[in-house]
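Work through the exercises below with the sequence and the model side by side. Each task is followed by a solution in steps.

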Amino acid sequence: MIDLRQLQALRAVQREGSVTRAGRALGWSQPTVDYHLRNLERLVGSPVLERSKRGSTPTPVGVLILDRGQEILTLTDRALRDARDLAQMGRARLKFGTFPTAAAKLLPSVVSQVADLGIEIDAVLEEVGPLVAHVNDRTLDAALLYSVPGYEVPLRPDIVTTEVLRDPLLLALPEDHPLADRASIDREALMSLHGERWLLGTSLHDPMDSVLVDAFAAEGRALEVAIRTDDFQVMLGMIAAGMVIGLVAKLAAGPTHPGVVLRPIDDPAFARSVLLAAPPEGNGEQPTTAVRQLAVAIRHAVALSEHPAAG
């Protein structure tokens, strides 16, 4: 296994141009730098440096190792910096906004994880529109939002976003619907549903609904929006009764829903990107350490929701 010190030594030689200058830059002796480079060469089975009286430069093998190893060193440096920041942070309190579906599925796990790090969460449940406004005016420390391709949320340019989940949109049909026995729904089959009664959300410009409405509009079709609700259980009940059909995000869907079938749509446009949005810390380019730890906790909560046995 490669030792991080081997990568550090090779990177320093590349930057400084010689083993001697690399040692001075690292605060190591020349024999120490040579020791780690020789061990790396034995591990790889090939020279990693071209040595001459004028200095040393990486061989093609050395360049390849540096290309792959730079990411490892960057992540290691970031992990160390974040750990030091967290150790010095003490207790922190975050005002964190999230849309209701994510709150139901992820928030309990997230709150539990960050509490162990001394981070307290004040949760605010809103739809995406108000959350965007609150994070833009910095009345929230962070917000969990979603967008779909071509319908990005109107965040200020300085707001930092991190994708924590790519969430497919599923077509929800009554179990006796003619398309219910299909394994998935292609674009042609989806367009054949223009005469159906549809259920959409209460927000008129919700990205999940916009991608659907605009897909039909591109084919010269207008949807009949029979009902608008954000209540997931109401939606399922109406679909099971054969009153409407609609879209459901995979994050919101459980394993079974009596009377309802959920089918994936074979079109990459029908997926939402779940984002953690936060202002940067001070004049920097990254959010606070507490917010970065929040992002880690959200990703872990997503993994647990997808693979409960992993917890």
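**Exercise 1. Decide whether Asp122 is buried, partly exposed or exposed, and find its salt-bridge partner.**

Step 1. Asp122 has a relative accessibility of 31%. Buried means under 20% relative accessible area, exposed over 50%, and partly exposed in between, with a 1.4 Å probe and protein chains only. Asp122 therefore counts as partly exposed.

Step 2. The side chain of Asp122 meets that of Arg93 in a salt bridge, at 2.9 Å from N to O. A salt bridge here is a side-chain nitrogen of Lys or Arg within 4 Å of a carboxyl oxygen of Asp or Glu.

Step 3. Asp122 belongs to strand β4 (residues 119-125) and Arg93 to strand β3 (residues 92-98), so the pair ties together parts that are 29 residues apart in sequence. Helices (H or I, at least four residues) and strands (E, at least two) are DSSP runs, numbered from the N terminus.

Step 4. Arg93, at 52% relative accessibility, counts as exposed. Salt bridges with shared partners join Arg93, Glu120 and Asp122 into one network.

A note on the source: this is a predicted model, in which local features need pLDDT of at least 70 and side-chain atom pairs count only at pLDDT 80 or more, while totals for chains, interfaces and linings use all residues. Residues are numbered from 1 along each chain as its sequence is written, and side-chain values use heavy atoms, with hydrogens and water left out.

**Exercise 2. Describe the largest pocket and its lining.**

Step 1. The largest pocket holds about 500 Å³ of space. On a 1 Å grid over the protein atoms alone, a pocket is an open set of points where a 1.4 Å probe fits, with protein on both sides within 12 Å along at least five of seven lines; lining residues have an atom within 4 Å of a point. Grid points are joined across faces, edges and corners, and the volume is the space filled by probe spheres set on the points.

Step 2. The lining has 23 residues, and the closest to the pocket centre are Thr101, Met208, Asp230, Phe232 and Ala252.

Step 3. Elements that give two or more residues to this lining are α5 (100-115), β7 (197-200), α8 (207-218), α9 (232-240) and β9 (245-249). Helix α5 gives the most, with four residues.

Step 4. By class, the lining has 13 nonpolar, three polar and seven charged residues. Ala, Val, Leu, Ile, Met, Phe, Trp, Tyr, Cys and Pro count as nonpolar, Asp, Glu, Lys and Arg as charged, and the others, Gly among them, as polar.

**Exercise 3. Which strands pair with β6, and in which sense?**

Step 1. Strand β6 (residues 160-174) is joined to strand β11 (residues 271-278) by eight bridges, and the two run antiparallel. Two strands pair if DSSP finds at least two bridges between them. Glu163 has Leu275 as its bridge partner in β11.

Step 2. Four bridges join β6 to β9, again antiparallel. Leu170 is partnered there by Val248.

Step 3. Five bridges link β6 and strand β10 (residues 260-264) in the antiparallel sense. Leu170 stands opposite Pro264 in β10.

**Exercise 4. Is Pro174 buried or exposed, and what does Pro174 touch?**

Step 1. Pro174 lies in strand β6. Its relative accessibility is 5%, so Pro174 counts as buried.

Step 2. Leaving out residues up to four places away in sequence, Pro174 touches Ala180, Ile239, Gly242, Val244, Ile245, Gly259 and Val261. Contact means heavy atoms within 4.5 Å.

Step 3. The C-alpha atoms of Pro174 and Asp77 are separated by 52 Å, and the two residues are 97 residues apart along the chain.
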